[in-house]
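Reader: I am new to this structure and would like to learn how to read it. Please take the features one at a time.

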Amino acid sequence: MVYKSIHTSSAVAKPINDDDDSYVDYFYDDPGALPGTLDLEPDAPPPEIILIDYCETGATRAQLANPREAATYLDTESVSWVDMLGLGNKETWRQMAEVFNLHVMAQEDVVNVPQRPKVVDYEEHLLIIAWMVMVKPNSDNFHKEQVSFILGKHYLLTVQEEPDYDCFDPVRDRIRKGQGTIRKHGADYLAYTLLDSIIDGFFPVLELYGERIEELEDEVVVRPTRRTLEKIYKIRRELLTLRRAIWPQRDAINTLIRDSSDLISPEVRIYLRDCYDHTVQVMDMVETYRELSSGLMDVYLSSVGNKMNEIMKLLTVISSIFIPLTFVAGVYGMNFNAEKSPLNMPELNWYFGYPLCWALMVAIASSLVYFFWRRGWFENFSTIKDD
């Protein structure tokens, strides 16, 4: 691939906050807002725009200063992939609408994130909204963002919400090195390849959650704590986010397969069926892990209840041993020694009275300990530990 650097601009990513709950909701307009209103920062910097233009014989990569520079590539027979890293500002989208002839509602769906994954046919182009997830480096969580596709006859415009994360590098390498058949197909095949990369990106995330659930299963049974409950709640919440991402994505891919758009060739529809199968597989894994995490909550409650029962059993054993001893000590603590009364306590004046009392209490305690040991009450006390 020939690299041609035209212009370099910086795209700033939105800060990612793990405690932010907004990712579980879709974007909604303020009441009374005009259709097609773009929710952009007024002082947002221009995005980084990468153009990859290729055909069967070669490929070219260029970094564009503005969307107008892509206009000369759109009417050629080669495939032009315009990758926009970041949402940009209103001036950028004014130029985008001019160059790609974008409907105002299509712009709204691309810019106002997050939108529900879907497919909208605007005759001259298709709008495809998808959610991409990736494992965060050195973390047990995942990064999520919306990726928008504008598919035309010989071009594909992709808009990434965050410029620092994507799973498209294998596709870029295949185009650059001419591997596979990607250069022999059109823009619809490129859209399929990117969608397939997005769906495949769910599997490493789900593998991570499978390992976390296995660790939690051991923790719930052996040493359940309040921190364990928080981990279970967090996993259930994050799996719900994955579910909300993949379920409508399946419907969107199914729409691409069934609708009769001229922008999707019959051959690519066959490939999309395989992508659909992968989506269903991801859905099954998400549902399985959600059921396992729900089951962990029941196991946690059972483990905590069982631990409490063992503690109560220990306290019962201690009380049962000391109750008769307390009775004996209480009887001889009354000190009734009336010389003229026939109802005195002769043991108080007996020379061996004190050691006999101790012998009696030791015999009672030993008998109770032996009885409880024979009943198996001491077997599980070793598992009772302080949290």
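Author: What follows goes from the whole chain to single residues and their contacts. This is a predicted model, in which local features need pLDDT of at least 70 and side-chain atom pairs count only at pLDDT 80 or more, while totals for chains, interfaces and linings use all residues. Residues are numbered from 1 along each chain as its sequence is written, and side-chain values use heavy atoms, with hydrogens and water left out.

Reader: How many helices and strands does the protein chain have?

Author: Helices (H or I, at least four residues) and strands (E, at least two) are DSSP runs, numbered from the N terminus. Here the protein chain has nine helices and eight strands.

Reader: What part of the protein chain is buried?

Author: A residue is buried under 20% relative accessible area, exposed over 50%, and partly exposed in between (1.4 Å probe, protein chains only). Of the 387 residues in the protein chain, 42% are buried. As for area, the Shrake-Rupley method with a 1.4 Å probe is used, and for residues only the protein chains shown count as cover. The protein chain exposes about 21500 Å², of which carbon and sulfur atoms supply 54%.

Reader: How is helix H5 covered, and what is its span?

Author: The expected span of a helix is 1.5 Å times one less than its number of residues. Helix H5 (residues 187–200) has 14 residues and reaches 20 Å from first C-alpha to last, close to the expected 20 Å. In H5, 13 of the 14 residues are buried.

Reader: Which residues does Gln95 touch beyond its sequence neighbours?

Author: A contact means heavy atoms within 4.5 Å. Leaving out residues up to four places away in sequence, Gln95 touches Asn66, Pro67 and Arg68. Gln95 is found in helix H2 and is buried, at a relative accessible area of 8%. For the protein chain, among contacts between residues at least 6 apart in sequence, 71% join residues at least 24 apart.

Reader: What polar contact does the side chain of Glu219 make?

Author: A polar contact is a pair of N or O atoms within 3.5 Å; within protein, one must be able to donate a hydrogen and the other to accept it, and residues adjacent in sequence count only if both atoms are side-chain atoms. The side chain of Glu219 makes one with the side chain of Thr228, at 2.6 Å. Glu219 is in helix H6 (residues 202–222) and is buried, with a relative accessible area of 13%. Not counting residues up to four places away in sequence, Glu219 also touches Pro224, Thr225 and Lys231, among others.

Reader: How many salt bridges are there, and which residues form them?

Author: A salt bridge is a side-chain nitrogen of Lys or Arg within 4 Å of a carboxyl oxygen of Asp or Glu. By this rule there are 14 salt bridges. One of them joins Arg94 and Glu91, whose closest N and O atoms are 2.7 Å apart.

Reader: Why are Arg94 and Glu91 separated by about one helical turn?

Author: An α-helix has 3.6 residues a turn, so residues three or four places apart point the same way. Arg94 and Glu91 are separated by about one turn because they are three residues apart in helix H2. Arg94 and Glu91 also belong to a network of salt bridges with Arg68 and Glu98.

Reader: What does the salt bridge between Arg243 and Glu287 tie together?

Author: The side chains of Arg243 and Glu287 meet at 2.7 Å, N to O. Arg243 lies in helix H7 (residues 226–258) and Glu287 in helix H8, so the pair ties together parts that are 44 residues apart in sequence.

Reader: Where is the cis peptide bond, and which residue has a positive phi?

Author: The bond from Val113 to Pro114 is cis, with omega near -5°. Pro114 lies in the loop between helix H3 (104–111) and strand S5 (118–121). Glu123, a residue other than glycine, has a positive phi near 65°. Glu123 lies in the loop between S5 and strand S6 (126–135) and counts as exposed, at 72% relative accessibility.
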